[in-house]
Structure formats: structure tokens, C-alpha cells
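Student: I am new to this structure and would like a close look at a single part of it. Could you take me through the aromatic pairs and what surrounds them, step by step?

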Amino acid sequence: MTSAERPVRPSETPAGMPVPPTIDPMATPPSPSQTGAGQASIYNVANLLTLVRIALVPVFVWLLFIDGIGWRIAALAVFIVASITDRVDGQLARKHNLVTDFGKIADPIADKALTGSALVGLSVLGELWWWVTIVILAREIGITLLRFVVIRYGVISASKGGKLKTMLQVIAITFYIAPGPIDPLRWATMGAAVIVTVVTGVDYLVKAWRLRRQTSSFPRP
């Protein structure tokens, strides 16, 4: 075999020519976190549950405004199922790294839509004082808008008070939707929900103000 016919080995490739890497066909493909592909796909079960919760809102409102004990129980069941999806989708997103930008936006919107529609619906039906609905919605909408302003300066992590607030609101609304003579229980839980809602709102305002002062104290480059 002449030198012209002898195959060129990788070590004998001309200078400056890259040697193609050897690919192992049995190697395990790298995960998205290893490749730097970014966050999880938008098409995941956590986001699906969020969409289901949004879809259940008009169903819940429709059932709430139909007269009859059976329809009220159906509205209660839909509200409970939708509230459970709120807890489950958050746990799945954190446990399986399914957090996405879509979920960060859609999840709070779904929460506010569910609780807001319940509060407004109960007030329209004359079963809940309007001032309670206004106070809670003003706090929720105001803090949500403030988050978009504060994010320029930093992130304020969710507090235990915020989680307690959400839990009390769901429990109180559940008691108001449920049929039966349980007015003292309704008043007690809704009163606690309003107090915690206002207190946590003030606490967030204080934290946002402190964060703004801290960031403004640093010299700009």
C-alpha cells in the first residue's frame, strides 16, 4: 500500500485541522440543567393544573349563582378541587423543577381569579359584607402590582404569614359557600382572614420600602 492509499490517522491530520470528537452512542444524554438549556418546558403537569384551576373559575361562578342546595354543594366541591390544585401544582413545580415564567405569572392570576370570584359572588348574593371583599381584593391586587415594581430592586421571598393568609381565606370562603347554620364559624374564620390579610400586606409594604432604601443607598456604576 502506497502512502497515497494509506488512510490518514487522527494523529496525522494536517496541522490546524480539528480532530472530530469521538461520540459514544451508549452515553446518556445530558439533562437540561447540565446543558444550560434553561428552565423546564412550559408543557408540564404543574402548568396544566394551573390552567385547570383557571378553567374551573367560570364553572364555580355558574354553580354558585344557581338556587338549590345541590347546586351549592356542587359549587363547594368545585371550589375545593380548584383550591387543592393550587397547592399541588406548587409542590410539583418545586419538587420536580417544573418552575417556568408562565407558571410564575399564571399561578397568582389563577389564585386571585378563584378567591376574587368567590368573594365577589358571595357579596353579590348578599352572603358576605362588601367591605370584606373590597379590603381583601384591594390588598391582593395592590401587592401583586407592587411586586412588579419591587422586582427591579430585588426579590422579597414569600413569608409564612402569606401562606397563612391564603389558607385562612380558602377556609373562610369554604365555610361561606357551605350550606348550613354555621354563621359563627364563618364570621370567626373570615375575621381572622381579614386581619392576617391586612397585616401581611402592611408587612410587605415595609419590606418593599426597606429594600428600596437599601438599593438606593448603593452608588450607581
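Tutor: Let us begin with a term that the first residue will need: a residue counts as buried when its relative accessible area is under 20%, as exposed when that value is over 50%, and as partly exposed in between. The model shown here is a predicted one, and by this cut-off 31% of the 221 residues of the protein count as buried.

For orientation, the secondary structure of the protein consists of 7 helices and 0 strands, so that, read from the N terminus, the elements follow one another as α-α-α-α-α-α-α. Among contacts between residues at least 6 apart in sequence, 73% join residues that are at least 24 apart.

Now to the part you asked about. The structure holds 2 aromatic pairs. One of them is formed by Phe60 and Phe79, whose rings are tilted, with 5.5 Å from centre to centre and 45° between the planes. Because Phe60 belongs to helix H2 while Phe79 belongs to helix H3 (residues 69-95), this pair ties together parts that are 19 residues apart in sequence. With a relative accessible area of 0%, Phe60 is buried, and Phe79, at 0% relative accessibility, counts as buried too.

The other pair is made by Trp62 and Trp71, and its geometry is edge-to-face, with the centres 5.8 Å apart and an angle of 70° between the planes. The angle is over 60 degrees, which is why the pair counts as edge-to-face. In accessibility, Trp62 counts as exposed, at 52% relative accessibility, whereas Trp71, at 38%, counts as partly exposed.

What is Leu64 in contact with, leaving aside its neighbours within four places in sequence? The contacts of Leu64 are Arg72, Ala75, Gly121, Leu122, Leu125 and Ile177.

Note on methods
Residues numbered from 1 in each chain as written. Predicted model: local features only at pLDDT ≥ 70, side-chain atom pairs only at ≥ 80, totals over all residues. Heavy atoms only, no water. Helix = DSSP H or I, 4+ residues; strand = E, 2+ residues; numbered from the N terminus. Buried < 20%, exposed > 50% of the residue type's maximum accessible area, 1.4 Å probe, protein only. Contact = heavy atoms within 4.5 Å. Phe/Tyr/Trp six-rings, centres within 6.5 Å; stacked < 30°, edge-to-face > 60°.
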